[in-house]
Protein chains: 2
Amino acid sequence: MARPRVLVVAGTHGNEINAPWLLDQWQRNPALIACADVTPVPVIGNPAARAQGRRYLDRDLNRSFTLELLARADDPAMASCESSRLDREIVRAHELVSRFGPEGPEGCVVALDLHSTTAAMGSSLVVYGRRPADLALAAAVQQRLGLPVYLHEADQDQQGFLVERWPCGLVIEIGPVPQMLLQATIVEHTRLTLEACLAVMADARRQQLVCPPALIVHRHLGSLDPPRDPEGRPDACVHPARQGQDWQPLLSGDPLFLKADGSVIPYEGPDGRVPVFINEAAYGEKGIALSITEREVWPVEGAVPEALQMLLADD
Amino acid sequence: MARPRVLVVAGTHGNEINAPWLLDQWQRNPALIACADVTPVPVIGNPAARAQGRRYLDRDLNRSFTLELLARADDPAMASCESSRLDREIVRAHELVSRFGPEGPEGCVVALDLHSTTAAMGSSLVVYGRRPADLALAAAVQQRLGLPVYLHEADQDQQGFLVERWPCGLVIEIGPVPQMLLQATIVEHTRLTLEACLAVMADARRQQLVCPPALIVHRHLGSLDPPRDPEGRPDACVHPARQGQDWQPLLSGDPLFLKADGSVIPYEGPDGRVPVFINEAAYGEKGIALSITEREVWPVEGAVPEALQMLLADD
């Protein structure tokens with residue numbers, strides 16, 4: 001009757017410092033985060049990047065969990081070949097999966113990945129794809145806390161997220177907060193959201209999970225970026241009328257970007273699409289000034305909570 | 001009758017990206033920033049750090065302008081000795097002074113250094129010491145824009161600021177904005193403040209400088225930091241009641257820091273002291289959670305505007 005183990009990752013990006021701080025404090029004071037019926041396994045995602053205060057060293061760790069990259073780290077020829085040294089984040093991704101993945105010696109069945117954003121999104125959950133256990137967890141947390149859920153799927157440019165390598169997992173995303181800044185409210189929102197996830201899993205473990213009749217998701221459609229100059233630098237800012245307006249629907253013609261000469265680039269697209277991650281500092285290099293989503297209401301069938309309950313039941 | 005040259009530095013810290021963006025745009029469109037009677041000389045302070053999106057590579061460039069460090073870069077023995085390679089920022093500081101310093105081939109008489117902060121300080125000026133020409137520039141800009149002026153002096157731990165190596169100079173500090181984030185309002189406040197400085201210098205150049213009867217300064221007294229754990233990490237956050245409350249006077253007993261267990265560390269000190277740079281992301285590594293100032297009203301004597309007028313007059 002061993003309790004199911006839940007991986008709690010903080011600092012997957014080394015310059016998002018609030019969740020790692022919370023984990024440090026939690027390790028010193030286990031009463032800080034209520035947790036019953038599951039065993040949390042806290043781990044710092046990218047300790048080397050954290051030590052340097054950088055998002056990553058060689059490449060984004062949270063884009064390094066594709067099966068193809070993980071296979072590279074498994075290949076002894078690659079590992080021994082000096083000239084083709086693997087990016088340190090690929091090595092780290094492989095290490096995390098080998099050790100804490102469902103088949104690993106310290107295997108976990110669920111992964112919660114704690115992030116922060118410079119975008120004014122408040123607290124939200126990010127789900128990758130449509131696995132029923134993920135949707136059950138998101139739906140039950142949404143019912144408890146009223147959080148928006150961002151469904152990320154089918155973006156060929158953005159692949160290889162950590163939680164995809166566990167049978168169930170999601171990202172807790174808290175903002176707005178600058179990189180490298182510890183802020184009490186961000187820590188507290190991280191703590192409350194993590195606690196809600198753990199409470200939902202405890203319910204599921206006891207086979208008492210209650211999901212709401214519907215899950216509201218904001219489904220990822222794509223991303224927008226301002227024009228860029230020949231050096232790849234943005235040639236316009238997010239328009240001040242849009243800055244900080246995450247989750248607020250766009251209408252065709254709304255001001256989107258502002259150029260230095262005062263000219264405005266408007267949004268051109270269907271009315272009612274919902275922007276998220278507006279001006280996230282780390283996404284500049286990815287050519288993403290904001291992402292566009294569609295709000296959808298999905299009925300939650302009985303198979304959804306059952307998926308999470310089965311996952312957390314004894315073998 | 002050559003116009004006086006004014007060095008306009010942006011990106012002294014490579015992860016403060018708004019002012020460099022403004023300078024890039026300005027070079028493409030000279031009408032973007034009004035400027036008369038003086039010749040602005042725009043330069044990126046630390047292009048190598050900017051390219052990497054980091055505050056600095058080896059050491060803080062804006063603490064590298066002490067005479068002692070600059071002398072090291074002058075020493076041919078140092079320059080040629082591989083094992084004692086100079087920090088790249090010391091080399092860059094030396095390069096900036098050699099080239100644009102008052103005696104340099106592209107010499108400037110004034111330096112304006114454009115920064116941004118994660119602290120909620122709005123727009124402000126920072127003056128280092130009490131040079132009359134600096135105070136004249138600050139007083140006249142304060143009269144135009146109503147900006148607070150932070151007077152930094154006599155802090156043995158914080159020395160070697162760029163503007164100190166020019167006969168006149170100050171820092172324009174705009175916030176709040178996360179590092180690595182381009183934000184239209186921050187660009188615009190930078191532009192307006194820079195324009196006001198240039199307009200004041202144009203007045204002084206025409207020997208028509210009018211200063212207000214008094215300058216309000218917030219004089220630096222020292223800095224505070226929360227307790228730290230054995231690894232040097234903060235063991236408490238800035239209290240949410242104090243976060244974002246830059247320029248708001250402290251009373252003894254006010255909540256200052258908040259620990260993870262909910263306990264509060266209060267401010268202990270004289271009433272009325274004014275905090276600035278509350279939770280500036282880059283100052284964590286310097287052990288500065290906030291700085292403490294005293295608000296003072298200084299009469300502006302006639303010698304003060306004269307100092308700036310003389311500096312900008314023809315030889």
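## Burial and overall form of chain A

Buried residues account for 50% of the 315 residues in chain A; a residue is buried if 20 or more other C-beta atoms, placed from the backbone, lie within 10 Å of its own. This is a predicted model, in which local features need pLDDT of at least 70, side-chain atom pairs count only at pLDDT 80 or more, and totals for chains, interfaces and linings use all residues. Residues are numbered from 1 along each chain as its sequence is written, while chains are lettered from A and ligands numbered from 1 in the order in which they are written.

Chain A has eight helices and 12 strands. Helices (H or I, at least four residues) and strands (E, at least two) are DSSP runs, numbered from the N terminus. The radius of gyration of chain A, 20 Å, is close to the 20 Å given by the globule rule for 315 residues, so chain A is as compact as a globular protein of that length. That radius is taken over C-alpha atoms, and the rule is 2.2 Å times the number of residues to the power 0.38. The C-alpha trace of chain A spans about 65 × 55 × 35 Å along its principal axes.

Two residues are in contact if their C-beta atoms, placed from the backbone, lie within 7 Å. Among contacts in chain A between residues at least 6 apart in sequence, 75% join residues at least 24 apart.

## A sheet in chain B

Strands of a sheet pair through backbone hydrogen bonds, either parallel or antiparallel. In chain B, an open sheet of three strands has the order β8-β9-β10, with antiparallel pairing. Its edge strands, β8 (237-238) and β10 (264-266) of chain B, each pair on one side only. Two strands pair if DSSP finds at least two bridges between them.

Strand β9 (residues 255-258) of chain B is joined to β10(B) by three bridges. F257(B) has I265(B) in β10(B) as its bridge partner.

## How the two chains are related

Chain B superposes on chain A by a rotation of 180° with 0.0 Å of shift along its axis (RMSD 0.0 Å). That is the relation of a two-fold axis. The superposition is by least squares on the C-alpha atoms of residues with pLDDT of at least 70 in both copies. P178(B) comes closest to the rotation axis of the residues of chain B, at 2.2 Å (C-alpha).

## Where the chains meet

The contact takes 27 residues from chain B and 27 residues from chain A. On the side of chain B that touches chain A, the elements giving two or more residues are α1 (18-28), α7 (184-205) and β8 of chain B. The largest share, three residues, comes from α7(B).

Of the interface residues of chain B, 100% are also interface residues in chain A, so the copies meet through the same surface.

Notes. A residue is buried if 20 or more other C-beta atoms lie within 10 Å of its own, exposed if 12 or fewer, and partly exposed in between; C-beta atoms are placed from the backbone.
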